[in-house]
Amino acid sequence: MQTPGRVKVVDLLKSKELGKVFTVKGWVRTKRGNKNVVFIALNDGSTINNLQLVANPADFDEEILKLVTTGACLKAVGKLVESQGSGQPVELQIELLELYGTADSESYPLQKKGHTLEFLREIAHLRPRTNTFGAVLRIRHAMAFAIHDYFNSHGFVYLHTPVITASDAEGAGAMFQVTTLDMNKPPRTQNGEIDYQQDFFGKHTSLTVSGQLEGELAALALSEIYTFGPTFRAENSNTPRHLAEFWMIEPEMAFYEIEENMDLAEDFIKSLVKYALDNCADDLKFLNDMWDKELIARLQAVVNTRFVRLDYTEGVDILMKSGEKFEFPVSWGADLQAEHERYLVEKHFKKPVIMTNYPKEIKAFYMKQNEDGKTVRAMDVLFPKIGEIIGGSQREENYDKLRARIDELNIPMKDLWWYIDTRRFGTAPHSGFGLGFERLLLFVTGMANIRDVIPFPRTPKNAEF
Ligand code: 4AD
Ligand code: MG
């Protein structure tokens, strides 16, 4: 029998072409029924919603119907009809069934609903088949698309920065080494150190912790650029907000001062959340009902609130006067922990906060120094449930000041000569920030653990899938 081409479930559920014959392909979520009728819920990942297939057992080989179990993959052909049951507008009255792959009901791990997220992490190769991960992965895609769309429509150039780098200039965290040397028998120099001159690049190299420094080079030519790529940090922090491999978006803009940088960060993140609300309604509703009853309300609140702008010094003041018992004590000069950030955002202001003018000692060398000699024009965007979602700053564009800070911190000039060259030739005020893509997804999906918003998480002692 000549069968029509495949239609996706998302499109069929919206179709008005009752009576017409369609082909669908997908994975069986459930099968139920009796001698007279069988109902198969089919999902092909195009939407959180399943298509109901209705079969008359008399029309099919008994053996085939037995093999239609949860997890099996099949092709079905049938007539679109108005659904008799509630829950879906239409269903497919099937006439033909072809099995692509069976899924033994004894051993298929996703037999029943209601697995814990911890269990699903252990079967990361199969968890995309669940409603939750289908929703998260579709939202992840939608956010990536919205990011490119936002920057494209604002005239930013997408810049690809290197994954392998020779400098640890960012100082953002421990790096993963990249080498082709035989680590059992590495070549040695005369004084016994490993001889990286014999390594692939003729020097010691690592995976990047940030594309910013290269991003600045391009911004000082193209005006506005952004990066969006994988980022690697070998810090041994086993928290629900840290990954060893994550994705970061780093816009960098010539001629932006810190205020314009803050305005951009706020507008950018609001427009992403709005995009999710406008385009991922079914998936958000599912996640809202399943995991976090305040998710959609929280997303709407962020879109409609002006973020608080707060000096670090004022923030520390509020925290010290709060009377709150923190695990880590607060004092001027100390780095803020997630508990402090969340206190300010969730309890004190009840709004996202952009904190600025941090002590220079706790921030990177490249941040623009303030007149007071103590603080720099850093800005962190702090979010409910997450803490820091964005870190950024205005950059030091003055050659002498930048050079002095680099020397003060004993950063070897051989790693950075190319970076500070931009301050010798046509320097300009400029600013930028980094948004952690998975931190954004934590916020947008309401998931509580960062391992559940990336398909295959890389964390300490975990790189199985
Ligand atoms: O604050 P960070 O370290 O800033 C930078 O790397 C700058 N170069 C950014 C820039 O100005 N262009 O990191 C930026 C963001 C953080 O706010 C956080 O959202 C995310 O990256 N991030 C992580 N996300 C997941 N796992 C980790 N280990 C992360 N470390 C940082
Ligand atoms: Mg930071």
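With a relative accessibility of 14%, Cys 73 is classed as buried in this predicted model, because the limit for that class is a relative accessible area under 20%. Cys 280 falls into the buried class as well, its relative accessibility being 6%. As for covalent links between cysteine sulfur atoms, the count of disulfides is 0.

The protein is assigned two parts, of which domain 1 spans residues 9-101, while domain 2 is made up of the segments 127-174 and 209-452. The contact between these domains draws on 8 residues from domain 1 and 8 residues from domain 2. Taken over C-alpha atoms, the centres of domain 1 and domain 2 lie 45 Å apart.

The area buried between domain 1 and domain 2 amounts to about 620 Å², with carbon and sulfur atoms accounting for 42% of it. On the side of domain 1, the residues that lose the most area to domain 2 are Trp 27, Arg 29 and Ile 48, which together contribute 73% of what that side buries. Sorted by class, the residues of domain 1 that touch domain 2 comprise 2 nonpolar, 5 polar and 1 charged.

Terms used:
Residues are numbered from 1 along each chain as its sequence is written. Chains are lettered from A and ligands numbered from 1 in the order in which they are written. This is a predicted model: local features need pLDDT of at least 70, side-chain atom pairs count only at pLDDT 80 or more; totals for chains, interfaces and linings use all residues. Side-chain values use heavy atoms; hydrogens and water are left out. Domain bounds come from an automatic or database domain assignment. Contact means heavy atoms within 4.5 Å. Buried area is the accessible area (1.4 Å probe) that two parts lose on being put together, summed over both. Ala, Val, Leu, Ile, Met, Phe, Trp, Tyr, Cys and Pro count as nonpolar, Asp, Glu, Lys and Arg as charged, and the others, Gly among them, as polar. A disulfide is a pair of cysteine sulfur atoms within 2.5 Å. Buried means under 20% relative accessible area, exposed over 50%, partly exposed in between (1.4 Å probe, protein chains only).
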